[in-house]
Amino acid sequence: MIKRISAITAALALATVGFIVPANAATTEADCGKAGEFCVGLVTDLGKIDDKSFNQAAWEGAVAGAKKAGGFAKYIETTDSKDYAKNIKLFADKGYNAIVTVGFLMGDASAAAAKLYPKIKFIGVDQFNASTETNYTGLIFDEDKAGFLAGYLAGYLTKTNKVGAVFGMKEVLPVRKFGEGYEGGIAYAAKQRSKKIKSTVVYHAAGDNAFSDPAWGATTANQLLTQGYDVIFGAGGSTGNGAIGKVAQKAGALCIGVDIDQYYTVPEAKSCLVTSAEKKLVLGVATLVGQAKAGTIKGGNYTGQVGLAPHHDLDSKVPAAVKVRLKKTTTGVLAGSIPTGFKG
């Protein structure tokens with residue numbers, strides 16, 4: 001685990017100042033396009049590379065995959081949705097072998113680019129690939145399952161019987177899947193406990209700052225706290241980070257992180273973080289980058305793993321009986337025998 005933290009820190013130390021990150025000292029961007037070289041480009045959506053969750057995990061996976069392949073990785077942050085195609089083209093024109101596009105909203109641009117550049121392998125994170133392009137692979141996740149498990153745990157830990165969430169915009173399918181799954185998990189726990197638990201999921205308005213608005217996230221979380229909500233799930237880049245950071249300031253309140261184990265990336269939330277609803281993004285991206293290098297990657301879609309992160313410092317806050325129930329429920333949810341409530 002120490003190695004994992006160091007890898008995140010090292011990658012971000014370079015990424016946040018816009019440096020190129022070589023995975024192999026013998027390879028530089030000038031080598032991209034040459035025989036035997038392997039270059040990976042990553043294009044973010046409108047979130048920042050150092051969001052401590054979604055983009056950060058995708059970038060870490062790209063770096064890990066490129067390093068194992070003896071290659072090179074570089075990222076471009078998108079600041080305007082009109083620049084998707086332009087940013088992808090910057091990598092394509094330099095002969096990059098694989099291009100990772102991050103975010104549901106980049107799906108159309110990724111499919112179009114895959115058609116335009118058939119020799120390049122495209123990996124679309126959180127993008128369901130409905131196209132016929134065989135060089136485009138969508139990395140998708142069952143966010144509703146991770147959300148359900150988070151909601152189930154929250155439903156057993158709440159003392160006020162009020163459980164909330166502060167999310168990015170609902171128009172992004174993975175965000176809605178997290179939300180609907182979360183409410184499904186809360187309802188499942190409430191039924192088992194024969195309790196009436198109120199659940200409220202607040203989504204950010206659609207817009208370019210939906211995933212980069214920590215002030216709104218903090219304000220919205222504070223509103224829920226003042227209304228008696230004592231477990232709050234924050235999801236949506238720095239918007240969600242703002243929410244769990246605010247929850248940490250409330251004694252006795254609990255929070256849930258998202259995408260990666262945020263115990264290691266959002267230290268200001270450690271005091272309230274009882275788990276994180278994880279999408280194994282690092283593993284998923286690194287795996288597909290490796291397949292791109294090996295020539296075994298397939299078009300269509302690849303489903304990554306999901307689950308809950310450890311309880312860390314708050315392990316004692318989760319009763320043994322609840323842990324047993326959670327383990328059993330996790331098995332059922334991941335196997336598909338317990339429905340999450342996601343409406344599709």
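T101 counts as buried, because its relative accessibility is 0%, and this residue is found in strand β4, which covers residues 98-102. The structure is a predicted model, in which the protein averages a pLDDT of 92 and 92% of the residues score at least 70.

**Confidence at the start of the chain**

**T101 and its surroundings**

- The side chain of T101 is joined to the side chain of Q127 by a polar contact of 3.0 Å, while T101 itself is buried at 0% relative accessibility.
- Leaving out residues up to four places away in sequence, T101 touches V43, I88, M106, S110, I123, G124, V125 and Q127.

**The loop between β2 and α2**

- T44 lies in the loop between β2 (39-43) and α2, and it counts as buried because its relative accessibility is 0%.
- Not counting residues up to four places away in sequence, the residues that T44 touches are I49, N55, I76, E77, T78, V102 and M106; M106 is also on the list of residues touched by T101.
- K52 lies in the loop between β2 and α2, but K52 counts as partly exposed, because its relative accessibility is 30%.
- The phi angle of K52 is near 65°, which is a positive value in a residue other than glycine.

**Helix α2 against helix α9**

- Helix α2 (residues 54-68) packs with helix α9 (residues 281-294) at an angle of about 35°, and their axes are 7 Å apart.
- The crossing in which α2 passes α9 is right-handed.
- On the α2 side the residues that meet α9 are F54, A57, A58, E60, G61, A62, A64, G65 and A66, and on the α9 side they are L281, V282, V285, A286 and V289; sorted by class, this contact has eleven nonpolar, two polar and one charged residues.

**Helix α5 against helix α6**

- Helix α5 (residues 143-157) and helix α6 (residues 173-193) pack with their axes 6 Å apart, at an angle of about 35°.
- Here too a right-handed crossing is found, with α5 passing α6.
- From α5, the residues E143, D144, A146, G147, F148, A150, G151, Y152, A154, G155 and Y156 meet a set in α6 made up of P174, K177, F178, G181, Y182, G184, G185, I186, Y188, A189, Q192 and R193; by class, the contact has twelve nonpolar, seven polar and four charged residues.

- Helix α8 (residues 237-247) is mostly covered, with nine of its eleven residues buried, and the buried residues are G237, T239, G240, N241, G242, A243, I244, G245 and V247.
- The elements against which the buried residues of α8 pack are the strands β7 (162-169), β8 (198-204), β9 (231-235), β10 (254-259) and β11 (273-279), together with helix α7 (214-226).
- A248 has its place in the loop between α8 and β10, and A248 is buried because its relative accessible area is 18%, a value under the 20% cut-off for burial.
- Apart from its neighbours within four places in sequence, A248 is in contact with E268, A269, S271 and C272.
- A248 and M106 are 142 residues apart along the chain, and their C-alpha atoms are separated by 33 Å.

**Other loop positions**

- N161 is found in the loop between α5 and β7, and its phi is near 60°, a positive value in a residue other than glycine.
- E37 has its place in the loop between β1 (21-22) and β2, and E37 is partly exposed, because its relative accessible area is 24%.
- Although E37 and G71 are 34 residues apart in sequence, they are 6.6 Å apart in space, C-alpha to C-alpha.

Notes: Residues are numbered from 1 along each chain as its sequence is written. This is a predicted model: local features need pLDDT of at least 70, side-chain atom pairs count only at pLDDT 80 or more; totals for chains, interfaces and linings use all residues. Side-chain values use heavy atoms; hydrogens and water are left out. Axes are lines fitted to C-alpha atoms, for helices over the stretch in contact, and angles run from 0 to 180 degrees between N-to-C directions. Helices (H or I, at least four residues) and strands (E, at least two) are DSSP runs, numbered from the N terminus. A crossing is left-handed if the near helix is turned anticlockwise from the far one by less than a right angle, and right-handed if clockwise. Contact means heavy atoms within 4.5 Å. Ala, Val, Leu, Ile, Met, Phe, Trp, Tyr, Cys and Pro count as nonpolar, Asp, Glu, Lys and Arg as charged, and the others, Gly among them, as polar. pLDDT is the predictor's confidence in each residue, from 0 to 100. Buried means under 20% relative accessible area, exposed over 50%, partly exposed in between (1.4 Å probe, protein chains only). A polar contact is a pair of N or O atoms within 3.5 Å; within protein, one must be able to donate a hydrogen and the other to accept it, and residues adjacent in sequence count only if both atoms are side-chain atoms.
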